[in-house]
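Try each task on your own before reading its solution.

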Amino acid sequence: MNTTTQRSIIRALPWTVGLVLLVGAPFVLGLTGIRGLMQVFVLAVAVMSLNLLTGFNGQPSIGHSAFIGLGAYATALAVQNYGWSYWSALPIAVLIAGVVGAVAGVPALRIRGMNLALVTMALALVFPQVPVRLTEWTGGTAGLTVDERLRAPAALGVADVAWQYWVLLGIAALAFLLIRNVVHSSMGRAMIAIRDQHVAAHTVGINVRAVKVTVFAGSAAIAGVAGWMFTVTNQFVSPGDFTVLVSINLLLGMAVGGSGTLVGPLMGALFLYYVPEVLPKLGVNPQLTPAVYGVLLILLAFFLPGGLSGGLRSLVRRLSGITAKKGVTTPQPTLDTT
Amino acid sequence: MTSISRMRLFAAAALLSLGVTACGGSAALTGASGAQSSGSGDPALAECPDNGTVGLTDTTIKLGVSQPLSGPLVAVGGGFVVGMNAYFNYVNGNGGVKGPDGKQRKIELVAKDDQYVATKTKANVSALINEDKVFALLGLFGTSGNLAARPLLAQECVPSLFATSGAPELGNPDYPWGGPAGSISYLLEARASGEYLKSVNPNAKVAILYQDDDLGRAYLQGFKKGIEGSNISIVKTESFESTDPDVGNQITSLAATGADTFYDIAIGLQALQALNHVHASGWKPQIIQAAQVGLSLLKKLEPGAGDGLIMAGTSYDADDPDNADLPGIKLFLDWLKKTPGGEKILPSTATAGWTAAMFMTWAIENAETMDRAGVMRAAHNMDFTGPNFYLPGIKLVTGPDDHYLIEGVVQQKLDRKAGKLIPLGEVQDFNGANPYEKITG
């Protein structure tokens, strides 16, 4: 075995161990643990979708809660009101979120930075009102319960929740691989070039408009997948689950994990789910939880500006003595302010 | 080469995982199987797992609650849990609750924070059932949270009783594990207001302001039902969103109709805002207020605003010193003082928690069998007569086909000068005449 192969195996080892542990989790964890991990997968895909747009392409969005909500509501309505299966609702969820994302991306051709963030925020503010307006159809503020659950194939002989877990894990893994491959492709290089040097990217022949709208649509479509996963996990949707606070939380998750990195969204999702879960168990008064959460975020911003993934990367480099950068390494602007 | 090696490693991992799949099993993997051996033939128990006595020991019974303990509604959720703790302290101080098996058990309460987010409520319910292993849930907060948790409760066959919501949907007999609610249904309260108006002004012309959501629509449907068969006409309705900063335009539009009656279907501060606008506009209709504002809040109206408004009431005001010696309230105030956090809050914020705990204790004491199904059935066959806050004449009764506990109101008039709500007559009793009705508006 040559050195390159050895190094490749060493690099793949943590991923492999992680995957084995995650695939095997239903054999070890109880229902609460499994359902918690399912929420993490939903958050991970949601943060990944935002990271694709904001982290890699420099287009800030505070409207991702709306795209997730579109996917979630499309799934819930298709399954509950029209008797579709979850699987047939998936492409619809992706399509609707993607199309709305493409339309929402058009203003991005003219405006950038904080102004674009404000435009997308309008989307996040308006979205929760839509189900309320269509109460007869959506259940309004009381929400819509989906009676049917994603069922495991009878031949497998496993519980539905374990099957749902593996499906969500598989989709999260696919989303990760998709984004990884896109980022490593010529499209990915174009995205990063636009983020870092907008004018220069245009000068060297990148079709900035096409890339921006495509990324917006793709990011929204992946957020739609997160919405589908949300409905599979919760069998319930309500306007309160898709408020602008959700978008802000996703931005926090991205910043904490490390924007413009591939691993960052996974860490951000773990942070977003487990920190509020763990704090009350450590005896922190629930009323103080948001304050502790805020202090942790400030500390992270001060001491780990590259996010958790940046910190981890530095640690690994220090431990292994490797100084050369490998793979996709980028600066970490969270908002395009150019 | 490198990518092939990596692929081999992943393939090996996948095969290893599949191998494990073939061998083992856990709660998450096998899920709920095996029917609960109730022997009752009750369809609600047909697909229940065999978990009817989880959360019970010979000396303790564990109960769970999910309320907003942080976020904007922390005052509501915090007061609720304090009230609940106060009642359970009282029960435990007297040795505990005695179930049908003759054993006396101390009550342990596990409270979780949902920040008034429905999916968090559902996650809390899942954790309370599977991790904390509670016997039953009580007082779950909010309509959406209760509806989100309902399929889970049905699947796990865990009773969730006396919810903090007036949504008529919580009386849906198709979901016996999630009910009855601990509040009067919005639809019934509005129906009672409509019937009252019919009796005092059968030719009224009514202008209505309503919150455009499930709560507002339930009120609207109930009111229309109440005025059926009369000459009362609804001359105009205006809606608003709960997020609207002001309802002044809607009031201007309603005032222009010159209607002799105004029905304010609004909650909390928005209700106050509407009442202040009505007063400022010079319009002087008879106001009917949806019972979504407490007396303590009504006292904050601008001088003269809201005076003489009519509002349906179900219980005594626990903040009023004149009521402090009533048996139910005296007991409550005594134990509230002894409970951590009880001295810092307005007593009225803790009454709902106290009553939910009181009803739950009754259901345990009156169950035919000491298991989840037994307590659920007891909650659907209630006839509570112990000391309580409810106004005299209001029956606290449920039945197998009547999943609403509180089905009576007394219309009350606000006297701003006295700072009191004055009863206008006898109880309007709808017990047994209030079937489940879907909100269609």
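**Exercise 1. A residue in chain A**

In which helix of chain A is A:Ala223 found? Work out its burial and its contacts as well.

*Before you start.* This is a predicted model, in which local features need pLDDT of at least 70, side-chain atom pairs count only at pLDDT 80 or more, and totals for chains, interfaces and linings use all residues. Residues are numbered from 1 along each chain as its sequence is written, chains are lettered from A and ligands numbered from 1 in the order in which they are written, and side-chain values use heavy atoms, with hydrogens and water left out.

*Step 1.* A:Ala223 sits in helix α11 of chain A, residues 208–234. Helices here are DSSP runs of H or I with at least four residues, strands are runs of E with at least two, and both are numbered from the N terminus.

*Step 2.* A:Ala223 counts as buried because its relative accessibility is 0%. The scale, with a 1.4 Å probe and protein chains only, calls a residue buried under 20% relative accessible area, exposed over 50%, and partly exposed in between.

*Step 3.* Setting aside neighbours within four places in sequence, A:Ala223 is in contact with A:Ser49, A:His64, A:Phe67 and A:Ile68. Contact means heavy atoms within 4.5 Å.

*Step 4.* For a distance check, take the C-alpha atoms of A:Ala223 and A:Trp87: 17 Å separates them, and the two residues are 136 residues apart along the chain.

**Exercise 2. Follow the contact to A:His64**

Is A:His64 buried or exposed, and which side chain does it join in a polar contact?

*Step 1.* A:His64 belongs to helix α3 of chain A, residues 64–80.

*Step 2.* With 1% relative accessibility, A:His64 is counted as buried.

*Step 3.* The side chains of A:His64 and A:Ser61 form a polar contact of 2.9 Å. Such a contact is a pair of N or O atoms within 3.5 Å; within protein, one must be able to donate a hydrogen and the other to accept it, and residues adjacent in sequence count only if both atoms are side-chain atoms.

*Step 4.* Beyond four places in sequence, the residues touching A:His64 include A:Ala46, A:Leu53, A:Ser219, A:Ser247 and A:Leu250. A:Ala223 from the previous exercise is also among them.

**Exercise 3. The domain interface of chain A**

*Step 1.* The contact draws 12 residues from domain 1 of chain A and 10 residues from domain 2 of chain A.

*Step 2.* About 850 Å² is buried between these domains of chain A, and carbon and sulfur atoms give 73% of it. Buried area is the accessible area (1.4 Å probe) that two parts lose on being put together, summed over both.

*Step 3.* On the domain 1 side of chain A, A:Val256, A:Met267 and A:Phe271 supply 56% of the area buried against domain 2, more than any other three residues.

*Step 4.* Between the two domains of chain A there are four residue pairs in polar contact (both at pLDDT 80 or more). The elements giving two or more residues to the domain 1 side are α12 (244–257) and α13 (264–281) of chain A, and α12(A) gives the most, with five residues.

**Exercise 4. The domain interface of chain B**

How many residue pairs are in polar contact across the interface of domain 1 and domain 2 of chain B?

*Step 1.* In chain B, domain 1 covers 60–184 + 320–406 and domain 2 covers 186–313. The C-alpha centres of these domains of chain B are 30 Å apart.

*Step 2.* The two domains of chain B bury about 590 Å² between them, with 65% from carbon and sulfur atoms. B:Gly166, B:Pro168 and B:Ile184 lose the most area on the domain 1 side, together 58% of what that side buries.

*Step 3.* The rule finds one residue pair in polar contact across this interface of chain B (both at pLDDT 80 or more).

Terms used
Domains from an automatic or database assignment.
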